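Colleague: I'd like to learn how to read strand pairing and a chain interface. Could you walk me through an example?

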Amino acid sequence: MTVKTLLLAGGALLASASAASASGFQVNLGGQKNIGMGGVGVGLSLDQAAMFYNPGALAMVRDNGVQVGVNAALARISFRSENDGGQRTLQNSVVTPFNFYAGFGPKDAKYKFGVAVYTPYGNKVKYADGWEGRYALTEIDLKAVYVQPTFSYAITPQLSVGAGLMILAYGSVNLQKDLPLPTGAGHIELDGKAKTQFGYNAGVFFKPSDKLGVGVSYRSQIDAKVENGKITYTGLPTGASAGVVNPSFTANQFAATLPLPAVASIGIGINPTDKLTLGVDAALTFWSKYRTLDFAFSSDNGGTGVVGGKPTSTSVRNYQDALAFRVGGQYMVSDKLAVRAGASYDFSAVRDGYVTPETPDADRAIGTLGLSYQVTEKLGVDASFLFEALVKRTQTQQDLQNLGTTDRVAGTFRTNAYIPGIGLHYKF
Amino acid sequence: MKLYIKRSAPVLGLLGLGLAGCQPDIDAPNMSPGSADFSSYVAVGNSLTSGYSDGGLYNEAQATSYPAILAQQFAKTGKGPAAFVQPSFSAARKDGSGFVKLLVVNGALTPVAPSPGPPPGGNNFLGEQVAYTNNTLPAPPLGSGQPELEAYTGGQPDNLGVPGISVLSADRTAASTGSAALDAATRATAGAYGNVNPFFQRILPAADRGTKDYVTYIGQKNATFYTCWMGNNDVLTYATGGGVSNLAANPFSGLTDSTSFGRGYRNIVNTISKGGTVKGVCANIPNVANIPYFTTVTVGAVLAAYKAANPAIANIYVTARTSATTTATAARVATATDLLTLTAQSYIAANPGVGASPLAPIPSQYVLDPIEQTEVLNRTTQLNNIIAKTARQYKAGLADMNSFFNDIVARGVVTNAVSNSATFASGNLFSLDGVHPTPRGYAVVANEFIRVINVTYGASVPTVNPNDYRGVLFPL
């Protein structure tokens, strides 16, 4: 498979929900086996998904293989306004984060090659029509697809290293909200594609004995840059007030940069018996790089352009670095059947009073289950289920006013997410 | 492999549908009246309480008056009024006294004011269904000769807001200036106030017209909770008149002295609160100098417009007070500290070149000069001290609308990601008369009342989303 066909597959299927198991708009759904184990993987060498969790461990993966997985992320967001407006719910949609790995190398060689395609960041929400926060956001769809050619080398039988060139092969953003025009509600849609950018993913894996593995990995930041995004308006007045209102909305292009932050992880894997594998991970995502979300507006006829009368817009984010702790295990019931369970706790990147409807983030508790069944010697099926509950979070208009974050909405958010997943692996 | 993914996707989708019911619930906040009893809520006040907007009183504006919003929110505590009666106009005359509309005139959006009175002399050209009869109120003295409005015929209203009423004109015992002749005229006119003010006349039973003053009228209500927002017109009438009063023609056109105000205000609160036994909230008087009525037309803008037509024009001249101790006025060069009234705009349009020379200065009634501004501000502070003291005396909460509006003028107010400001027309909060709020502005005011009520009485009355209420209506 070429990178190009991979991208086509990715473009069609890939999308991710921010509620998919990590803070901010991060997505930690790297591989079906790992998902079933609470998302651990840095100290393990389970399969080709090591390219995502710890490229250093790829050389320790015994078999060559190809695997593919898809999740259905169902985020259920509820909102209750500070003003009494009843409970609002998200328009339910299913997004399908997707991953693909192919890893191979000569038998008994010290090295392995591989290519990985995955979605480490993404976000999709759509609120019900007419909700209180309509002038902050009605809909967002943010996609990021990374393609990662990887090389891993076992320096000794105990120590291996690996690195991958991380390519932001596909990135897109679609952001929509209503406009509070004096003639009634209008609507604005910003839609753009990110330029191709490069980063890296590197890791070290140390396995001093059959019973213990230790890993560290680092995934670099990539800035998703949109240069000539398109702006579309609907509902601007066409009659008497057009001359007064419309000069405030002349931009038809925008530029923006969104950081997809770096992640540093450390993990331990333990095999108390042949049948049992346990993993513990800790990950730190460097969200503090996300200070503001800035848009620069322009027009393709004349250069200058404004939205709401302004040539730029800045929305304060002030994210904080976020830690996540994960634990999980796998038990081989038979040669063919493995069962898994895990849990994790992710701390929110979003500070109090900074919660936006596009990422109604909060600390999250996550529980997972998984299983694999080896259909034939070479072909196996993996399945996982992840449930996460976000802590209920409230901000008042007074909080927003005090922090200067009044471009969002006052009230209480609560989110649950249900993420079933299924995958196939083929060894050769 | 792709095929497998394709086939499993519908399965995942079905699983998704099964889970779609698993929406997390957020408990509704507890709504409580606290120690207050809203079962009979009565609103005492002037135009702000009546819902007056865009230079008029009409059914739509009444429906979004802050008392109407409060009553609706009080009801949610389970101890609110079953009905809150507004003295509405009949459906066929729903536009009441008529109101200013934003229309395109000569290619520009312009506020167009109605002509008062009944059709055809009235404002048929705005297409409004006004409620004027063909009668006029009794002529002066003890009357104003203004066009009469259709009488309100429903049950006794709970919204007792009367546009134009002041504390001085509400109480036939209030005046105590020391001038016996003036006091007698003031008291007599307050006693006959139904013959002066068509908005008061229309809600009075026929027998009470010209005989019952406002304090007596509100004493007929048995409130369990009240709001009282009175006093604005005791400074506003003088200020919007550019600091020009003619007490002989209208005894209520000046700044009310603090002794008369204190007497009248205590009478009002004592009456509606039944001597302090009924709970309520008093609101004080916002500083009138920073409302759009005074901040929209600026000396700089008038000068710039004149200069554009004739570059030789270097100054604008106004008629202004010469000293704080006399009412004498003289023409002088206008400065940025002179506040021109919103009405100056149409006066200048009708009198081209006015103000361009010291021989034809802008008349005093269109200018609130710094001497008059200081007068108004000082009097507002005095009257607000009386309001605060009276509220304490009668155990009422105090809504500090003066601070609240100062804050809005300084910073605007953002409501669920929508910016609102005190800017004329486009700021959403002030209606086209430059003085009274829009429905959005009244919603913001209602939320401030609710905040004070919740703090004062340990209640948890929910606020409203101001974005559900309109700002200035722009034509499509």
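Predicted model: local features only at pLDDT ≥ 70, side-chain atom pairs only at ≥ 80, totals over all residues.

Colleague: In which sense do strand β1 and β6 of chain B pair?

Modeller: β1(B), residues 41–45, runs parallel to β6(B), with 5 bridges between them. One residue to look at is B:G45, which sits opposite B:W229 of β6(B). β6(B) also pairs with β7(B), residues 279–283, again in the parallel sense, over 4 bridges. There, B:Y226 has B:G280 as its bridge partner.

Colleague: Is β6(B) largely enclosed or open?

Modeller: For burial, the cut-off is under 20% relative accessible area. 5 of the 5 residues of β6(B), 225–229, are buried, so the strand is largely enclosed by the rest of the structure. B:F225, B:T227 and B:W229 point one way, B:Y226 and B:C228 the other, and all are buried.

Colleague: Now the interface. How many residues of chain A and chain B are in contact?

Modeller: 49 residues of chain A touch 43 of chain B. The two chains bury about 3,700 Å² between them, 63% of it on carbon and sulfur atoms. On the chain A side, A:R80, A:N83 and A:D84 lose the most area to chain B, together 15% of what that side buries.

Colleague: How many salt bridges does the rule find across it?

Modeller: It finds 0, while 15 residue pairs are in polar contact, both residues at pLDDT 80 or more. As for elements, β22(A) gives the largest share of the chain A side, 9 residues. That side divides into 26 nonpolar, 14 polar and 9 charged residues.

Key. Residues numbered from 1 in each chain as written. Chains lettered and ligands numbered in written order. Heavy atoms only, no water. Buried < 20%, exposed > 50% of the residue type's maximum accessible area, 1.4 Å probe, protein only. Helix = DSSP H or I, 4+ residues; strand = E, 2+ residues; numbered from the N terminus. Pairing = 2+ DSSP bridges. Contact = heavy atoms within 4.5 Å. Buried area = accessible area lost by both parts, 1.4 Å probe. Salt bridge = Lys/Arg side-chain N within 4 Å of Asp/Glu carboxyl O. Polar contact = N/O pair within 3.5 Å; in protein donor to acceptor, adjacent residues only side chain to side chain. Nonpolar A, V, L, I, M, F, W, Y, C, P; charged D, E, K, R; others polar.
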